[in-house]
Amino acid sequence: MNDDELFTPETIEERIDQQTSFPSSLSPSPNARVIRALQVYYQEDQRSAARMWERLVQQVRTAEIETSPGNDEKQGTGEIIMQQNPDSTEIREAELETYESVGQMGSSATPVRRSISRRTLVAGIGVGVAALGAAASYAVFSGRLTTSWGNASLGAASTRLSSTATQPPLPTGTEPPANGKLGDILTSYKRQKQLITDARWSPDGSLIASASYDQTVQIWRAASGKLLFTYNKHTDEVNSVDWSPDGKLLVSGGGNISLNEGVHDYSVQIWSASSGLVRTLSGPDDYIRPIRWSPDGKYIAAACYNAKAYVWEAAGGRLVTTYTGHQDSLTGLAWSPDSKRIVTSSADAVVQVWEATTGRNVLNYNDQQSHGLVLAVAWSPDGTRIASSSGGAGSDAVVNVWSAVTGKTLYVYQGHVQSALVTFPGGGTLGASLPFAPAHRASGSGIGVFSVAWSPDSKNVASGGGSGDGSVQIWNPTTRTKVFTLPTSNGGACINSLAWSPGGAHMASTSGIITTIWQSKA
Amino acid sequence: MQQRQPRSLSPSDETRLAHCYSLHALPLLAYVRQHTPSREDAEDIVIEAFIAAVEQKEASIFALTEREQLAWLRRVAYYRCVDRYRRSARYPTVPLEKSEQLLFEEEHLSPEQVALHHEEQALLQQRLSQLPEHYQTILRLRFANGLRCSEIGYLLQKSEGAIRVLLSRALNTLREISKNQSEEKNDERR
């Protein structure tokens, strides 16, 4: 590649990359000089933007204080947000739309909204098609934009702004309409950089909160994947998140397993998008998963790797119960619909039902012991049945459905991949998507059913396979028939979390770094 | 001091301002820089334009379309530029000691290098402003936002090939300019 030649369309990207990665300092060619100058020029523009924003905010606030002396509250909270703005993604997208309109390219004289094509693209990525081609992946593309706005270029100003940011409350909305057919992918969300551990629907069905190993919880629109808020007060992996039944608050927590070196954050944090951290719940001293808000909104329960379960009052933060009935680390937890009882699953393979406020053991379910470790548990919304799934080294990937009253086994579902010989394709890139449940970490095998969820009408159960399987299967435990299988879309990566939308028309499933929203109703 | 209108912004207004700023700050800065001698002056004027927008009480700028917003901001900025030309004859813009300090702090460069750098940047700015607007858009998306040609093409509804052609043309134009300039300088030295 001769540096003195003109730029050609064929090699333009390579030329720019070459110069930006390895700038030649000695007698630079005209090409190198141009590229370097442009780089500096635009970097300075970005710095200007940050500086100006800081001054603008300062001036607007100073004027407010000058002219309204009685308004003391404003001084502390009047910070204007740019970086951590709930609509920050919208801003970036809108910004690009402006470029489209200002650019006046070709025949399109008016800005063209592209939500339809974007959604198509997103869906395309979901089924693994759009890695190449005319349009680069939406996630990569947005990620790049985030980077260019998000860190060095905005520098100190953005750090300062985001650290004291206040937020308007999250928008309310309705569940996306079910216009397609069963299994149609609506959104494939991959803004979080590391494994997604949990994804939960807001009570109105319009938003998703997803927790990740990247130490964040992100709130985004289920219909479009548009990021609205990022919660980043955790200093360790976030393993679980849940909404309060009124949709105003969220609770999240996690931490890494204490076998690993280092300081861990096992705090359970209650927060809202508008006011940030509201309360920290204390008690657990080890890896937590899952955390669930009681259906009546009064309590929060968390299952811990130290074999204990904790129940707190949501309002005061008081620790009500510490349940110590299990012999081994907890893997799953679910509330009864009346908020009186809790069912917990454990690596000791006994599923236990107990009273939430007293910790009194009500029922032990032992029928699953022959299958290995119990990995997840779910209580049917009508309160009558419990589904618990199993897996681990040398065990079966089955889901048991049993009576919540008598503990009698009603059905054992065996539709998931059983063999440990399934290959795990991909290697490096899928490293981050290895399943994470404590039982699995201990055993080193991905076989099992790692997530299970009842449909809101209590008719069907959805179960998510371990690595090598990666499918989500919907089946009817009463008629004992399979309704639907969503094949793996992520190289067989484990399904770590499953959640039906409140109306039952959609499902949120997480696999690796992808959260997929798809239609779960015909 | 001039008495300002109260500007008690509601949270939604704050969000709108942030949105509006994110949309228009950079295009507006590029525009203002064509009319001002220094980046610092340009920054001042952009801020003034946004403050004027906030102070706009009768008809909120946020109610306008994005294009109208930019047009409005440009017009305000233009008048501020003119105003600044008038006043600059009477008021020095930045105290010399202060500017010297700023330069050293920010650039870690000697005064000569700073001057050279400024000259280069000023020339580039001038050349860029002569390029058609869609070239500037592509350059900005490539160098400020770090997008690939395929991504720019997707945004602007053009093929990747078309973007590659436009981008290489834009760079060749700028390259020719800078080449001619260095030749001119060499000639001057001889």
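**View 1. Helix H6 of chain B and its surroundings.** Helix H6 (residues 133-144) of chain B has 12 residues and spans 15 Å from its first C-alpha to its last, close to the 16 Å expected at 1.5 Å a residue. That expected span is 1.5 Å times one less than the number of residues. Helices here are DSSP runs of H or I with at least four residues, strands are runs of E with at least two, and both are numbered from the N terminus. H6(B) is mostly covered, with 10 of its 12 residues buried. Buried means under 20% relative accessible area, exposed means over 50%, and partly exposed lies in between (1.4 Å probe, protein chains only). The buried residues of H6(B) include B:Tyr135, B:Arg140, B:Arg142 and B:Phe143. After H6(B) comes B:Gly146, whose phi is positive, near 70°.

A word on the model before the next view: this is a predicted model, in which local features need pLDDT of at least 70 and side-chain atom pairs count only at pLDDT 80 or more, while totals for chains, interfaces and linings use all residues. Residues are numbered from 1 along each chain as its sequence is written, chains are lettered from A and ligands numbered from 1 in the order in which they are written, and side-chain values use heavy atoms, with hydrogens and water left out.

**View 2. Chain B as a whole.** Chain B has eight helices and zero strands, so its elements, as DSSP runs, read α-α-α-α-α-α-α-α from the N terminus on. Of its 190 residues, 45% count as buried. Among contacts in chain B (heavy atoms within 4.5 Å) between residues at least 6 apart in sequence, 59% join residues at least 24 apart. Chain B exposes about 10200 Å², and carbon and sulfur atoms supply 50% of that area; accessible areas come from the Shrake-Rupley method with a 1.4 Å probe, and for residues only the protein chains shown count as cover.

**View 3. The largest nonpolar core, with members from chains A and B.** In soluble globular proteins, nonpolar side chains tend to be buried together. A nonpolar core is a set of buried Ala, Val, Leu, Ile, Met, Phe, Trp, Tyr and Cys residues joined through side-chain atoms within 4.5 Å. Of the 33 residues in the largest one, A:Leu56, B:Tyr21, B:Leu28, B:Val32, B:Phe50 and B:Leu73 touch the most other members. Two or more residues each come from helix H2 (30-67) of chain A and from helices H1 (11-33), H2 (39-55) and H3 (66-88) of chain B. Which residues does B:Phe50 touch, not counting those up to four places away in sequence? They are A:Leu56, B:Leu17, B:Cys20, B:Tyr21, B:His24, B:Ala25, B:Leu28 and B:Leu73. H2(B) is largely enclosed by the rest of the structure, because 14 of its 17 residues are buried.

**View 4. An open sheet in chain A.** Strands of a sheet pair through backbone hydrogen bonds, either parallel or antiparallel. Four strands of chain A form an open sheet in the order E2-E3-E4-E5, with antiparallel pairing. The edge strands are E2 (196-201) and E5 (227-231) of chain A, each pairing on one side only. Two strands pair if DSSP finds at least two bridges between them. Four bridges join strand E4 (residues 217-221) of chain A to E5(A), and A:Val217 stands opposite A:Tyr231 in E5(A).

**View 5. A hairpin in chain A.** Strand E20 (residues 399-403) and strand E21 (residues 409-413) of chain A pair in the antiparallel sense over four bridges. A:Val401 stands opposite A:Tyr411 in E21(A). Five residues lie between the two strands of this hairpin, and A:Gly407 in the turn has a positive phi of about 80°.

**View 6. Backbone geometry to inspect in chain A.** Most residues other than glycine have a negative phi, and most peptide bonds are trans. The peptide bond from A:Arg289 to A:Pro290 is cis, with omega near -10°, and A:Pro290 lies in strand E10 (residues 288-293) of chain A. A:Ala307 has a positive phi of about 75° although it is not a glycine. This alanine, A:Ala307, sits in the loop between strands E11 (299-304) and E12 (309-313) of chain A and is buried, with a relative accessible area of 12%. A:Ser458, also not a glycine, has a positive phi near 65°. Is A:Ser458 buried or exposed? A:Ser458 is buried, with a relative accessible area of 4%.
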